[in-house]
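Subject: Structure handover and notes

Hello,

Here is the structure for your files. Please open it alongside the notes below.

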Amino acid sequence: MLDEIVVKKAAQHNLKRIDVRLPRNRFIVVTGPSGSGKSSLAFDTLFAEGQRRYIECMSAYARQYMEMMEKPYVESIEGLSPAISIDQKTISSNPRSTVGTVTEMYDLLRLLFARVGTPHCPSCGRGVSSQSTDQIVSRILESSRGRVRILAPVIKGRKGEYHRLFDRLRKKGYLRLRLDGVFRDLEEEIILAKTKAHTGEVLVDDLKPSISARARLQEAVEMSLELAEGEVLVLAEDGKENYYSRKLRCPVCDVSLPDLEPRNFSFNSPYGACPRCHGLGADSTTNEDGELELTGDLCPACKGARLNPQSLAVRIDGRNIHDLSRLPIDRLIGDLGKLEILVSREAVAEKIRKELIGRLGVCNELGLSYLSLDRTTASLSGGEAQRVRLAAQVGARLRGILYVLDEPTIGLHQRDNGRLIGLLRRIRDDGNTVLVVEHDEQTIRAADFILDLGPGAGEHGGRVVAEGPLAEILKSPSSLTAKYLRGEAVVSFPGDRRPAKGWLVVRNAREHNLKNVDVSIPLGCMTAVTGVSGSGKSTLVFDILFRALQNALSHTKLRTGAYDKIEGIHQLDKVISVDQKPIGRTPRSNPATYAGLFTDLRLLFAHAQEARSRGYGPGRFSFNVPGGRCEECQGAGVKRVEMHFLPDVFVTCDRCGGLRYNKETLAVRYKGRSIADFLAMTVDEAYEYLKAQPRLKRRLATLRQVGLGYIRLGQPAPTLSGGEAQRIKLTKELGKRATGRTLYLLDEPTTGLHFDDVRKLLEILSELVRLGNTMVIIEHNLEVIRFCDYIIDLGPEGGEDGGRIVAAGVPEDVAASDSATAGFLRSALSAAGRPGSS
């Protein structure tokens, strides 16, 4: 077996036909400037090919249900393992998505309750016992007031076509069944959608229960119990249904319960969900984007538990599944080990319990001990969301796998980085290869092998600058990364900390885990909001500060987090937020459309002499609507060719040649160039053509200032690296005209940025502050934190143990405190030779 992954002539995106040899079963970091080709190699080449080869081993039938990745542009790859990726896609904001569902730990908890839980009557709380055939017959006789139909439930919410079942029923002489609520004759041809869940009950008898007909009724019940494995459904003339089982029944309340299955404990299944809120746990509404949102008011039926009364009445050691789901992970680990389970069920429980505790332990190692399984993913901070996704992937403890991770340190406090690195090393020690795209210095230094790509970005990158263990990288004279690691290149400090021009004060902030804190933010300064993940940073900055200011300054009606008042709003006239929500990542989305350039560019072309003479408006130059676009490819520039059991192939449109527009539109020129020519230009090239246009010049200049001069205006969004995409989002907001009284709120703007890119970013942010604006940045990057004028450090821990201000002041003052951030900040200030940092 090869002890290396050997890549030859990789040419995906901007990679320059590079040859790479990576050691297997090692912890590898791929680094380099943003846009240098790191993701192109790690995800679009190695992961894509590993996944593609794995899927190709499956049958043609299985492959049609799986999304196959395109074959990367590479001559050959040897020694490749099946691959699993954890990229920068944000976690689901669906209100049905929780920590437990994303990590599949709730699935294990459902299985535990289905196998060893004890059912209780949801009405009186007594333990539920099984019913004999005679008891079922007697109950039907007592409750019936007319004719009834005796039905045998043979299909119970399962997918399939059921041809064999129907044949067996015909041979046994049955004539009718109720299928998905409608009675059908078994003699007719019944065709079901195999991908849809169905319900079906065989009609056993239709009779009027009476003492004289008891023998017939008993025979019908016995036949139903045999057909449906101990179950019978009685349908009355008025449509009322009564379910009976030989297994579960409350003798006092005459309530029968179905057999326990994992789906009975799923709030995403009709068998387990609360009938009032349909498993959401709260009242819901639909926002302007058509997405489901919760109002914050608990469901009056389930009180937020999401499940129906029958499911919540199943208990283990006196507690139901919701009781355990709402416990913090560290407490849940301890309580699972102490649960008292019947001796006869202990062997079954132990296997499930062991697996569940193992996965919970992964979350504990990643610093997520304060989260509960019922916590919605939409409420997680960026750091929490990333680690939850990591826990979901590594909890299985697989071996022989290539794990490809994209900046797993995003959103992590420096204290938590060590835990993450320790976990990645354990995955390596289990016999896996761990490949991480990363800029974090601590992670780079911890790697067994480093691959540094560059030397620049885009067309100026895609080459191997240095490779090998840390000692070899540090010797490289041409590596920009090595210069920063050696301390030869640094992010410079401002001469002096800027004094506050005023203060913005939030009084009694108490949303989520914030502990009634008063927060003072200096105006005209750059402020870093720091603290361990889950300490309340995003709640303070975005849920309270941004929404409250937006309501006050823009007269919106956003729901804000709980607080008393905000003092000093009159000193601001605008608030701009750049959070971690993803930008559009469809092929039709590109830097020009997202950054707001394309609208002005289309207006510019609409004012051209040729366009005016032909009566063309701005819409003529959009490739998303009919008129000016090529209708053969509908403005995509490529056409999809379906290959059935192979990946779809995209071919260049033969009518427009990939230009997206028809000939009449392309005939309109500005400075001798068509609209398609401008989309093919880099930002730097377009700037030279458009610098006479103030609005376009300002937006293009901002893209250049954050180091994106090399990207093409029409470059499809899916081909952008994570760092590039984040900076495009940032420039959209920073490109707006600053008033000198603007408050900018940024959420980890250094995501995806190399050391040198951080320097460029801080330069543009400093310029905005110099003009009188205020910058508040949630950040873990020490280069940014020590650069700021003021720090607000939250903690001391995450979750319920967080939400307090543990330190506030200039960096030197915070470094002198005893907070979790202080020690790391002291080291960063000392390394830079900052006075007062000793």
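Glu355 is partly exposed in this predicted model, at 32% relative accessible area. The classes used here are buried, under 20% relative accessible area, exposed, over 50%, and partly exposed in between, with a 1.4 Å probe and protein chains only. Glu355 forms a salt bridge with Arg359, with the closest N and O atoms 2.9 Å apart. Salt bridge here means a side-chain nitrogen of Lys or Arg within 4 Å of a carboxyl oxygen of Asp or Glu. Arg359 is buried, at 15%. Both residues sit in helix H11 (residues 346-365), four residues apart, which puts about one helical turn between them. Helices (H or I, at least four residues) and strands (E, at least two) are DSSP runs, numbered from the N terminus.

Two notes on conventions. Residues are numbered from 1 along each chain as its sequence is written, and side-chain values use heavy atoms, without hydrogens or water. As the model is predicted, local features need pLDDT of at least 70 and side-chain atom pairs count only at pLDDT 80 or more, while totals for chains, interfaces and linings use all residues.

More on salt bridges. The structure holds 53 of them. One of these pairs Glu49 with Lys71, at 3.8 Å from N to O. Glu49 lies in helix H1 (residues 38-56), and Lys71 lies in the loop between helix H2 (60-63) and strand S4 (76-78), so the pair ties together parts 22 residues apart in sequence.

Another salt bridge joins Asp206 and Arg147, with the closest N and O atoms 3.3 Å apart. This pair links distant parts of the chain, 59 residues apart: Asp206 is in strand S9, Arg147 in the loop between H5 and S6. Asp206 is partly exposed at 29%. Arg147 is also partly exposed, at 39%.

Now the sheet. Six strands form an open sheet, ordered S8-S7-S9-S6-S10-S11, with antiparallel pairing. Two strands count as paired if DSSP finds at least two bridges between them. Strand S8 (182-185) and strand S11 (241-245) are at the edges with a single partner strand each, so one side of each has no neighbour in the sheet. On average, neighbouring strands are turned by 35° against each other, direction ignored. Axes are lines fitted to C-alpha atoms, for helices over the stretch in contact, and angles run from 0 to 180 degrees between N-to-C directions.

Leu233 has Tyr243 in S11 as its bridge partner. Helix H5 (residues 133-143) packs on the sheet and touches S10 and S11, its direction making about 160° with that of S11. Contact means heavy atoms within 4.5 Å. Helix H6 (residues 163-171) also packs on the sheet, touching strands S6 (148-159), S7 (176-179) and S9 (197-207). The direction of H6 makes about 160° with that of S6.

Last, Gln571. Where is Gln571 placed? The residue is in the loop between strand S23 (565-567) and strand S24 (574-578). Gln571 is partly exposed, at 26%. Beyond neighbours within four places in sequence, Gln571 contacts Lys501, Gly502, Trp503, Leu523 and Arg741.

Best wishes
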